[in-house]
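Here is a short briefing on one protein model. Look at the structure first, then work through the points by topic.

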Amino acid sequence: MRTDTPVTIHRGDYAPLPWTVEAVELRIELDPTATRVSSTLTCVRNPNVEAGPLRLFGESMELVELRIDGLVASTTRITHEHGGLLVQLDGDRAEVSIVTHVDPSSNTTLSGLYMSRGGYFTQCEAEGFRRITYFPDRPDVMSRYRVTITADREACPVLLSNGNLIDSGELDDGRHFAQWEDPFPKPSYLFALVAAKLVCLERKLETMSGREVLLQVWVEEGNLDRTEHAMDSLIRSLRWDEQAFGLELDLDRFMIVAVSDFNMGAMENKGLNIFNAKFVLARPDTATDVDYERIESVVAHEYFHNWTGNRVTCRDWFQLTLKEGLTVFRDQQFSADMLAEAAGEEGAASARAVKRIDDVKVLRTSQFAEDAGPMAHPIRPESYQEINNFYTATVYEKGAEVIRMLHTLLGHEGFRSGIDLYFSYHDGQAVTCDDFVDCMAEATGRDLEQFMLWYSQAGTPIVRANGKWLAGDGIYVLTLSQHLPPTPGQPEKAPQLIPVAVGLIDPDGMDMPLRFEGESHVGGTTRVLELGETEQTWRFVDLPSAPVPSLLRGFSAPVRLELDEDDECLAFRMANDSDPFNRWDAGQRYAERVVLSLAESHEHGKLLEVPAAFLNAVRSTLCDDSLDAAFRAQACALPGETYLLERMRPADPTSLRVAMQAVFAAMGAGLADVWLRTYHDMEVNGAYRYHPGDAGRRALRNLALRYLVAGGVSEGVSRAGTQFEYASNMTECFGALAALVMSGTNEGRDGLEVFYSRYRDDALVMDKWFALQVMAWRRDPSEEAPVLDRVASLLGHDAFSMSNPNKVYALLGSFFRGNPGEFHLPDGSGYAFWADRVIELDRANPQVASRMARTLENWRHFAPHLQDEIRSQLERVASTDGLSPDVSEIVGKALA
Ligand code: 0A1
Ligand code: ZN
């Protein structure tokens, strides 16, 4: 058993440093195994803080020299401590020069300076800069940087860093150099360097104040024809931030670089965003509509960070949601606006709802699960062992919901004036979430003290609704109560402020005008109730008939809504709710009820029968031509299996899989006529273009194939085969293949081989190939080998690599998270395989290992026989010698 105790960092321990760094002069002489980094720091004493030494963090490098004001520092001035150095400085200013050696070629963590396909790249968020040089590597230390890079000209013709290029030229021995200067002070986590053989697509643009800026997208030579969409997305983002928030690009040059080996999605380094290649590269024959959409939103997200994150940054890492929640909210609004614009006035509301549905699906699947497990934390955590473990769905997605609630409560104008105030007070500073909310309060005059509980309390609130119809008085009495379940370290909670958007629907399906008792006039058909107490009641008056309530419209708060609605009521709202989000949600609730009750029937050895009323409700939605295709595709899709598994207690993946298969088959066979007609009607003609309208039609057609194949409809199988063979774009090609593979057909198996021979040299397309086959369902588990066998053998495939995060996420992540029916084998063999992989990955890349480790953190929700198997594997991982803090925190908390 390991004995080292993990170190926990607490939010309350924050203290400003006695020394900060005004300017940094960096010289980086690149070499695969011995890169020499010379840095000169202009250190300035912080007059507001008690005197103390300069604190420099440093890891995984060799300290060659340290000078103070030009003289080699005597050893008495330097104290070595775990993770860095303390240096005694005199006076109020000092120049500290440090030389380190680092070995980028053996840096498999992809944090700090590392190599990918012969080039050099950096990743410094959160604490990667300390792996390049000794530095006060905290976001509250903001400095001006001047950087000189030298490298072999042939291996690395392109040398990039943040800001403006101020000099470049040739050196001896086939080397060259470039010098960059960033005019804006920044924290070290935003530093970046790229030195590689790259080419770029570039555009010049005039910003709103008339300045000319240069935009570049840098990629490997063969990928230049896949950069246009990223560039278009960047231009749209730039324009949107000008129009929506009055925020302009502040640099002369803005660069995006694609890299194949990257732990996360992308990184907002000042003026030099580094992206996982999968969020840059797109061509119709290699990327799907969903990829195009993701690229647009990730490009936007990183670009928006230039203001929300870079110009105003976080004081410490506990404040991460300050930049992430706000920037996710901004990218969600941007995407919704782009979809609405493409849909035109008539389709705008539905287009926005489709985006909202996508975002809420992610939140409910990942964040609600996180909130219900051992890693539950408030959007502003109180403590952590490894900050890299806190780039979570809670900090990002729930953080964005918290910002959205502020937007709802303060109104668009109020919110915007709060943002303006935030920049006017804090531009150029490193601040806290309180500073942000204080600006919102000051700008609008609203007391947001109770609202701050969203920042300090973990867990998903449960809102319970009860309605009473007083027929004689024409009054509907709505009672809402809230309960916040206990989470680790937080046994008791106070009631939060929850905005609940409400509508009431009459028997003809029309929204009723709403007036509260005591109000003199009607206030519209959707009203936002502010639930701030444990229980509150509202009385709606003047109602001509009993209403059907539509609650939490647009998902106005990140809560679980509990309401007793019978099947007819859900079907009624599926057909009539004027709020498209709730219309979709009614269908999801209905489907959840059907699937989970079938799973229970299976556990009791009963026959599985899918209610005809449910199929009829889906049929009506599918046939409703007033609904656009993208919405219909959402509304007729079953809730994800991973989501349903979390809703099932105890979770039993095997019976859930049986139930899912039964519902898929019934929906395919029972609605075959409408699926075939829809498939025919939704055909998209002409050359591929990424357009949300077309994308919606393709999504609905692919969904039709998925159901038809699952239902064993032979015409569906043959249509899928034809579409796969003749598709002119990846969305259609992959959609057809997925339909065939997911249902475990022979055609799917053959298709995988064809697909492989077509795309074997394309790494990003191969990721799709790996992911799809490990997510497949077995048609007949008693006859076929478990998917686990295939996963294990694919580890040895030529196109697979354990050192490439995208490959690991595609093969292992997709299997562990996306195929519960096959991963959770009753004999526990899936878990032993999981533990082996986590231990293996941890030796090379703790961040990736930790993400894989998290796939079993909610093990206590599972049926007891599975829990025993999982616990023993968690213990095996926990007792591994030399485990990283990343994985140790995850398994430690899981077992606690
Ligand atoms: N700030 C980035 C996410 C990010 C975080 C950490 C990374 O490496 C450990 C990389 C990227 C974003 O929000 O996009
Ligand atoms: Zn971000």
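By class, the shell around ligand 1 has four nonpolar, seven polar and four charged residues. Keep in mind that this is a predicted model. The points below start at the ligand, then move to helix pairs and sheets.

**Around ligand 1**

- The shell around ligand 1 holds 15 residues. The closest are Gln-123, Glu-125, Met-264, Met-267 and Tyr-391.
- Two elements give two or more residues to this shell: strand S20 (266–267) and helix H2 (289–304).

**Helices H2 and H3**

- Helix H2 also packs against helix H3, which spans residues 320–371. The angle between H2 and H3 is about 135°, and their axes are 9 Å apart.
- How does H2 lie relative to H3: parallel or oblique? The angle makes H2 oblique to H3.
- The crossing of H2 and H3 is right-handed.
- On the H2 side, the contact uses Glu-296, Ser-297, Ala-300, His-301 and Phe-304. On the H3 side, they meet Thr-327, Val-328, Arg-330, Asp-331, Phe-334, Ser-335 and Met-338.
- By class, this contact of H2 with H3 has five nonpolar, four polar and three charged residues.

**Helices H14 and H16**

- Helix H14 covers residues 692–710, and helix H16 covers residues 730–742. H14 and H16 pack at an angle of about 20°, with axes 8 Å apart.
- Angles under 35 degrees count as roughly parallel. H14 and H16 are therefore roughly parallel to each other.
- H14 and H16 cross in a right-handed way.
- H14 brings Arg-698, Asn-702, Leu-705, Arg-706 and Val-709 to the contact. They meet Thr-731, Glu-732, Gly-735, Ala-736, Ala-738, Ala-739, Leu-740 and Met-742 in H16.
- Sorted by class, the contact of H14 with H16 has seven nonpolar, three polar and three charged residues.

**The sheet of eight strands**

- Strands of a sheet pair through backbone hydrogen bonds, either parallel or antiparallel.
- What is the strand order in the open sheet of eight? The order is S6-S5-S9-S3-S2-S12-S15-S14, and the pairing is mixed.
- Strand S6 (71–72) and strand S14 (164–170) are the edge strands. Each of these pairs on one side only.
- Within this sheet, strand S2 (residues 19–29) and strand S3 (residues 35–45) run antiparallel. Ten bridges join S2 to S3.
- Trp-19 stands opposite Arg-45 in S3.

- Strand S17 (residues 199–206) is joined to strand S18 (residues 212–219) by eight bridges. S17 and S18 run antiparallel.
- Leu-201 stands opposite Val-217 in S18.
- Five residues lie between the strands of this hairpin. In the hairpin, Gly-210 takes a positive phi near 90°.

**The sheet of four strands**

- Another open sheet has four strands, in the order S29-S26-S25-S31, with mixed pairing.
- Its edge strands are strand S29 (535–540) and strand S31 (560–563), and each pairs on one side only.
- From one strand to the next, the twist averages 20°.
- How do strand S25 (residues 462–470) and S31 run: parallel or antiparallel? S25 and S31 run parallel, joined by four bridges.
- Ile-462 stands opposite Arg-560 in S31.

Definitions and conventions. Residues are numbered from 1 along each chain as its sequence is written. Chains are lettered from A and ligands numbered from 1 in the order in which they are written. This is a predicted model: local features need pLDDT of at least 70, side-chain atom pairs count only at pLDDT 80 or more; totals for chains, interfaces and linings use all residues. Axes are lines fitted to C-alpha atoms, for helices over the stretch in contact, and angles run from 0 to 180 degrees between N-to-C directions. Angles under 35 degrees count as roughly parallel, over 145 as roughly antiparallel, 65 to 115 as roughly perpendicular and the rest as oblique. A crossing is left-handed if the near helix is turned anticlockwise from the far one by less than a right angle, and right-handed if clockwise. Two residues are in contact if their C-beta atoms, placed from the backbone, lie within 7 Å. Ala, Val, Leu, Ile, Met, Phe, Trp, Tyr, Cys and Pro count as nonpolar, Asp, Glu, Lys and Arg as charged, and the others, Gly among them, as polar. A residue is near a molecule or strand if its C-beta atom, placed from the backbone, lies within 6 Å of it. Two strands pair if DSSP finds at least two bridges between them.
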